Amino acid sequence: MGLSPAWGRWVVDNLLAGARPEVIVARLEREGVAGPLAASEVSTIARSPALLVAREARVEARRLAMLARMQRDLQRTAARPHKVLRASGLSAERFFDEYYANNLPVVLEGFAREWPAVSRWTPEYFRDELGHHEVEACVGRDRDPDYDQNFKAHTERMTLRAFAERVLAAGLSNDLYLIANNRNMQRAPLRVLYDDVRWEHGLLEPDRLDGCTALWFGPRGTYTPLHHDTTNILFCQIYGQKRLWLAHPAEVSLQRGARGVYAAMDPERPKPDDPEPLWKQVELEPGDALFIPVGWWHSVRALSVSINIAFTNFTRDNFFSWFTPAAAR
Ligand SMILES: O=C(O)CCC(=O)C(=O)O
């Protein structure tokens, strides 16, 4: 009989860490493994092609971890590391060169202030003027801890009037929310909302809207758990206020226990053993647009009834091949 899987793994770990085979054999003997068996097992593992592959993968992982650590440490040298940068009146060229190309979040203050959307879109406007249209919305989220991942199970069709009335009556609630995954902007009736958006800033491509825009509408208290997206996003606050927590993609401690793009921790309620990345916090007012760069972790809390429109149709490349751990198995 050979070594148990647990001891086999222990041998691999130690060989990769650089321990000498004879030291490993000696320890196995002390643990009760017969000398000849320990020697032959360690020698087989040490000469196996699998160990060579593991050694190369480990070197590569360490190089990448080193780069991530460097990025992390650099973040902490900023004068105000917990603040998201703010800018107003930025040209498209400066936005793309200084923020987009550098994967840096920024609040574009007053970016949408002059859009008709900001003076027009309210829960009452949605109820009274667009209320006859059908939408998909998430409801019953409170009974499911994974409400965001499981959005399909909570999706219901109703009129926008019915949904807006529920929002207005809800007070503080995370139970109902019209989210990006409900894909309401892909439905013909709500496309009238595009008439209330302005495009001349040059950041976004007005001819490429399908699948590239999202409407968010919900009561005070909605919460989107910590996750990252696989594209860059321009997140525009049209009505109400929201607070976001953001962390740099190089905060690799957040990958521990992550499921897909969702992190295992909640920045609003950290537990003692949770990672401690460098958090940036930002609050958005109507007319502000937050650039959420690809890969940045973020969670989002509505501080009031809130309406947002978000865009991914930038006039620069916004496609990234994404590693999905589940698919790699
Ligand atoms: O507003 C929200 O609740 C979530 C927005 C968000 O996470 C996103 O657009 O990626």
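The legends below describe close-up views of a predicted model.

**View 1. The two domains of the predicted model.** The protein is split into domain 1, residues 5–68, and domain 2, residues 81–328. Taken over C-alpha atoms, the centres of domain 1 and domain 2 are separated by 46 Å.

**View 2. The packing of helix 1 against helix 4.** Helix 1 covers residues 5–16 and helix 4 covers residues 49–75; their axes come within 10 Å and cross at roughly 55°. The crossing of helix 1 past helix 4 is right-handed. On the side of helix 1 the contact involves Val12, Leu15 and Leu16, which meet Leu51, Ala54, Arg55 and Arg58 of helix 4. By class, the residues in this contact of helix 1 with helix 4 are five nonpolar, no polar and two charged.

**View 3. The packing of helix 1 against helix 3.** The axes of helix 1 and helix 3 lie 10 Å apart, and the two helices pack at an angle of about 55°. Helix 1 and helix 3 are therefore oblique to each other. Their crossing is right-handed. Helix 1 contributes Gly8, Val11, Val12 and Leu15 to the contact, and helix 3 contributes Val42, Ile45 and Ala46. The contact of helix 1 with helix 3 comprises six nonpolar residues, one polar residue and no charged residues.

**View 4. The packing of helix 2 against helix 3.** Helix 2 (residues 21–30) packs on helix 3 (residues 35–46) at an angle of about 140°, and their axes are 9 Å apart. Because only angles over 145 degrees count as roughly antiparallel, helix 2 and helix 3 are classed as oblique to each other. Helix 2 passes helix 3 with a right-handed crossing. Pro21, Ile24, Val25, Leu28 and Glu29 of helix 2 meet Gly35, Ala38, Ala39 and Val42 of helix 3. Seven nonpolar residues, one polar and one charged make up the contact of helix 2 with helix 3.

View 5. An open sheet is formed by six strands in the order 1-2-10-7-12-5, with mixed pairing. Strand 1 (85–87) and strand 5 (213–218) are at the edges and have a single partner strand each, so one side of each lacks a neighbour in the sheet. On average, and with direction ignored, neighbouring strands of this sheet are turned by 25° against each other. Within the sheet, strand 7 (residues 233–239) pairs with strand 10 (residues 289–292) in the antiparallel sense over four bridges. Cys236 has Ala289 in strand 10 as its bridge partner.

View 6. Four strands make up an open sheet in the order 6-11-8-9, and their pairing is antiparallel. The edges are strand 6 (223–228) and strand 9 (280–284), each with a single partner strand, so one side of each is without a neighbour in the sheet. Neighbouring strands of this sheet are turned by 15° against each other on average, direction ignored. Strand 8 (residues 242–247) is joined to strand 9 by five bridges, and the two run antiparallel. Leu246 has Lys280 of strand 9 as its bridge partner.

How values were computed:
Residues are numbered from 1 along each chain as its sequence is written. This is a predicted model: local features need pLDDT of at least 70, side-chain atom pairs count only at pLDDT 80 or more; totals for chains, interfaces and linings use all residues. Side-chain values use heavy atoms; hydrogens and water are left out. Two strands pair if DSSP finds at least two bridges between them. Axes are lines fitted to C-alpha atoms, for helices over the stretch in contact, and angles run from 0 to 180 degrees between N-to-C directions. A crossing is left-handed if the near helix is turned anticlockwise from the far one by less than a right angle, and right-handed if clockwise. Contact means heavy atoms within 4.5 Å. Ala, Val, Leu, Ile, Met, Phe, Trp, Tyr, Cys and Pro count as nonpolar, Asp, Glu, Lys and Arg as charged, and the others, Gly among them, as polar. Domain bounds come from an automatic or database domain assignment. Angles under 35 degrees count as roughly parallel, over 145 as roughly antiparallel, 65 to 115 as roughly perpendicular and the rest as oblique.
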